2 protein chains.
Amino acid sequence: MATIKDVAKRAGVALSTASYALNGSSKVSGATIEKVMRAARELNYQKNGFASDLKRTKTNTIALILSDMSGPYFSELIKGVQEVTASNQYDLIACSSVGGSRSTATKFLREKRVDGAIILANNIQTQLIEESAREDFPIVVLDREVQNPYAIHVEVNNRQGAFEATEHLIEKGHRSLGYVSGPMDSHDNEERFTGFSDALEHYDIPFQSRLKISGDFTREGGYRATKMLIAQQNLPDAIFYANDEMAVGGLQAFKEKGIQVPADISIVGFDDIQLAEYVNPPLTTVRQPKYEAGALAVHMIFQMLAGEKVEKSFNLSTELVERSSVKMK
Amino acid sequence: MATIKDVAKRAGVALSTASYALNGSSKVSGATIEKVMRAARELNYQKNGFASDLKRTKTNTIALILSDMSGPYFSELIKGVQEVTASNQYDLIACSSVGGSRSTATKFLREKRVDGAIILANNIQTQLIEESAREDFPIVVLDREVQNPYAIHVEVNNRQGAFEATEHLIEKGHRSLGYVSGPMDSHDNEERFTGFSDALEHYDIPFQSRLKISGDFTREGGYRATKMLIAQQNLPDAIFYANDEMAVGGLQAFKEKGIQVPADISIVGFDDIQLAEYVNPPLTTVRQPKYEAGALAVHMIFQMLAGEKVEKSFNLSTELVERSSVKMK
DNA sequence: CTGTTAGCGCCTTCAG
DNA sequence: CTGAAGGCGCTAACAG
């Protein structure tokens with residue numbers, strides 16, 4: 001592997017000249033640049049990214065940390081992040097937090113291999129985030145709040161979204177409402193449940209705890225939770241699934257038991273994943289501004305990197321999208 | 001940011017001792033290790049990944065380069081890659097090639113910021129791959145062939161898959177067949193078209209070039225291509241879409257025109273993306289072993305990294321999955 | 001414009 | 001176990 005030293009020697013210039021030429025500094029003549037470039041090409045020279053980063057203590061890349069790089073939710077988020085990152089001439093890498101404290105994500109956070117990070121990964125310790133964020137290493141967290149001035153918070157208004165969805169169910173005449181929950185340690189889930197409860201309370205509808213079932217945000221979990229609900233007999237009028245994936249699983253469970261949605265029971269989801277539109281019946285759900293959340297998150301990273309003061313927290317609105325899984329009772 | 005120097009000072013040992021202790025060398029006593037570790041903890045020391053990588057000329061991470069990190073196809077692939085990578089104690093980062101030669105992907109390839117790469121990104125120049133791959137930087141390419149002993153090729157048998165799908169259409173009595181194509185510079189598309197043509201030839205069915213339309217692998221493209229086909233009047237009996245995304249777009253176009261699938265026309269796709277099962281009617285398509293492809297790809301990277309000899313090329317089989325978009329004519 | 005020089009933070013001898 | 005020293009490859013003053 002040729003180094004810059006070889007290039008300089010071959011071009012017959014000083015090491016620093018080669019460096020300047022390669023980096024397009026203005027303090028070197030066109031002829032020299034050409035000479036250096038040619039030497040570099042001939043030697044198939046490629047600079048060593050680490051050495052350069054090490055020297056500049058700056059990587060020009062930011063990380064997007066996800067608990068599940070393969071999940072359906074993330075594609076739009078990534079798009080937003082990607083575009084803003086690229087337009088700022090930064091690089092973006094995505095890494096997964098599976099493996100917890102031994103994960104790639106943890107390593108990148110700890111070792112400052114990037115200039116900033118956006119995190120949507122419930123299995124990353126809050127403590128790690130709090131320890132890692134600092135002035136030259138801003139973090140945006142999408143799924144919780146964190147006590148550190150350099151770790152800010154962009155979230156969608158889960159509570160409001162859940163409130164509206166629940167309200168929608170109530171307005172359609174449903175009175176006994178079930179809630180299929182995400183994992184207990186999920187901040188998003190908690191907020192959604194709060195919105196759900198608030199709506200119930202607001203409309204003076206009692207909450208029956210037997211109708212709250214845990215489903216862990218996966219399709220499989222939604223499927224199982226729904227089966228349990230069915231087995232209990234005495235189904236509610238409608239079910240609020242804390243995310244779409246679980247709702248899809250629920251649909252499957254209903255179908256197997258010959259229960260018609262929405263004729264027999266109404267359901268709503270949360271997220272508006274791509275599938276929601278294609279499932280049968282198309283799912284009424286709460287759309288999250290994922291693209292915007294991603295774009296805003298990177299935006300904030302850059303502001304912090306530039307040393308500007310930023311809000312500690314942002315809240316994006318959701319929108320109810322009505323399809324066909326809810327019917328007037 | 002505390003450095004190893006600070007740790008050594010605080011622990012009251014030599015810098016080299018601290019380094020040994022931190023890296024678990026055997027030439028240092030347990031007591032000292034403990035002392036150093038404590039100092040590190042107290043200072044919230046984290047090593048600088050670059051400095052360390054630079055020194056060892058090794059990153060222990062491999063990159064997965066995708067043209068579209070947000071695409072629907074990739075989630076399973078990622079899963080396969082992820083698992084194998086993690087089980088080898090390596091890190092995985094995903095990066096996008098959007099932006100072509102100015103993309104993050106290009107940078108990582110050029111600057112050897114990782115120990116190896118898996119590429120599925122038609123917008124990365126073949127030349128760049130050929131220039132980058134070397135003994136200590138193996139590459140696995142998933143969507144083309146490359147002339148470089150350290151760049152091997154894992155592909156699914158597109159030709160066979162397309163052949164079987166086409167055969168299926170023919171066996172169901174369809175005689176005039178359309179082909180909605182992907183981009184012309186896509187190796188996958190080319191192979192699929194070859195499989196399609198081979199089947200036609202094998203069954204002595206003439207190919208009508210007016211029934212080959214370009215759709216660029218996007219849903220939108222499939223939609224437009226289908227509209228064009230419809231506008232031409234005289235629809236074929238069946239259409240082979242070179243991928244599922246386009247077929248989904250096609251379904252949309254048919255629906256808008258009141259054309260029934262499969263009653264009026266049969267269609268098949270390719271890939272078996274998640275949506276294929278949920279679309280209406282559920283799409284008959286060709287399943288690719290994406291997980292396996294990903295897992296195999298990393299596997300090969302590790303073999304090459306270990307200096308073992310490996311095959312230059314691997315070919316994975318596809319499988320026809322029959323759903324409801326094809327009917328006996 | 002060019003060359004010299006001093007590190008970036010870490011790892012690894014090597015002689016005490 | 002220590003301390004010094006050399007270097008990984010590159011950048012960025014600072015003098016010439």
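Modeller: Start with helix H8 of chain A, residues 158–171. Helix H8 lies across S6, S8 and S9 of chain A, and runs at about 170° to S8(A). Contact here means heavy atoms within 4.5 Å. Angles run from 0 to 180 degrees between N-to-C directions, with axes fitted to C-alpha atoms, for helices over the stretch in contact. Helices (H or I, at least four residues) and strands (E, at least two) are DSSP runs, numbered from the N terminus. Helix H10 of chain A, residues 219–231, packs on the sheet too. Helix H10 touches S6, S7 and S8 of chain A, and its direction makes about 140° with that of S7(A).

A word on the basis: this is a predicted model, so local features need pLDDT of at least 70 and side-chain atom pairs count only at pLDDT 80 or more, while totals for chains, interfaces and linings use all residues. Residues are numbered from 1 along each chain as its sequence is written, chains are lettered from A and ligands numbered from 1 in the order in which they are written, and side-chain values use heavy atoms, with hydrogens and water left out.

Now the sheet under those helices. In chain A, four strands form an open sheet in the order S7-S6-S8-S9, with parallel pairing. Two strands pair if DSSP finds at least two bridges between them. Strand S7 (212–214) and strand S9 (266–268) of chain A are the edges, each pairing on one side only. Neighbouring strands are turned by 20° against each other on average, direction ignored. Within the sheet, strand S6 (residues 177–181) of chain A runs parallel to strand S8 (residues 238–241) of chain A, and four bridges join them. A:Val180 stands opposite A:Tyr241 in S8(A).

Chain B next. Its four strands form an open sheet in the order S7-S6-S8-S9, again with parallel pairing. The edges are strand S7 (212–214) and strand S9 (266–268) of chain B, each with pairing on one side only. Average turning between neighbouring strands of this sheet is 20°, direction ignored. Strand S6 (residues 177–181) of chain B pairs with S7(B) in the parallel sense, over three bridges. B:Val180 has B:Ile213 as its bridge partner in S7(B).

Helix H8 (residues 158–171) of chain B lies across S6, S8 and S9 of chain B, at about 170° to S8(B).

The partners are B:Arg159 and B:Glu191, with the closest N and O atoms 3.3 Å apart. B:Arg159 sits in helix H8 of chain B and B:Glu191 in helix H9 of chain B, 32 residues apart. B:Arg159 has 36% relative accessibility, so it counts as partly exposed. B:Glu191 has 13%, so it counts as buried. Buried means under 20% relative accessible area, exposed over 50%, and partly exposed in between (1.4 Å probe, protein chains only).

Helix H9 of chain B also holds B:Arg192. The side chain of B:Arg192 meets that of B:Asp271 in a salt bridge, at 3.7 Å from N to O. B:Asp271 lies in the loop between S9 and strand S10 (285–287) of chain B, 79 residues away from B:Arg192. Both residues are buried.

B:Arg287 and B:Glu319 form a salt bridge, 3.5 Å from N to O. B:Arg287 is in strand S10 and B:Glu319 in strand S12 (residues 319–321) of chain B, 32 residues apart. B:Glu319 is partly exposed at 43%. B:Arg287 is partly exposed at 33%. In chain A, a network of salt bridges links A:Asp272, A:Arg287, A:Glu319 and A:Arg323. Over all chains, the total is 34 salt bridges.

Four salt bridges are counted between chain B and chain A. B:Asp53 forms a salt bridge with A:Arg113, their closest N and O atoms being 2.0 Å apart. At this interface, 45 residues of chain B contact 45 residues of chain A. The buried area is about 4,000 Å², with 54% from carbon and sulfur atoms. That area is the accessible area (1.4 Å probe) that two parts lose on being put together, summed over both.

Last, the cysteines. Zero disulfides (cysteine sulfur pairs within 2.5 Å) are found over all chains. A:Cys95 is in none, and the nearest cysteine sulfur, that of B:Cys95, is 11 Å away. A:Cys95 is buried, at 0% relative accessibility. B:Cys95 is buried too, with a relative accessible area of 0%.
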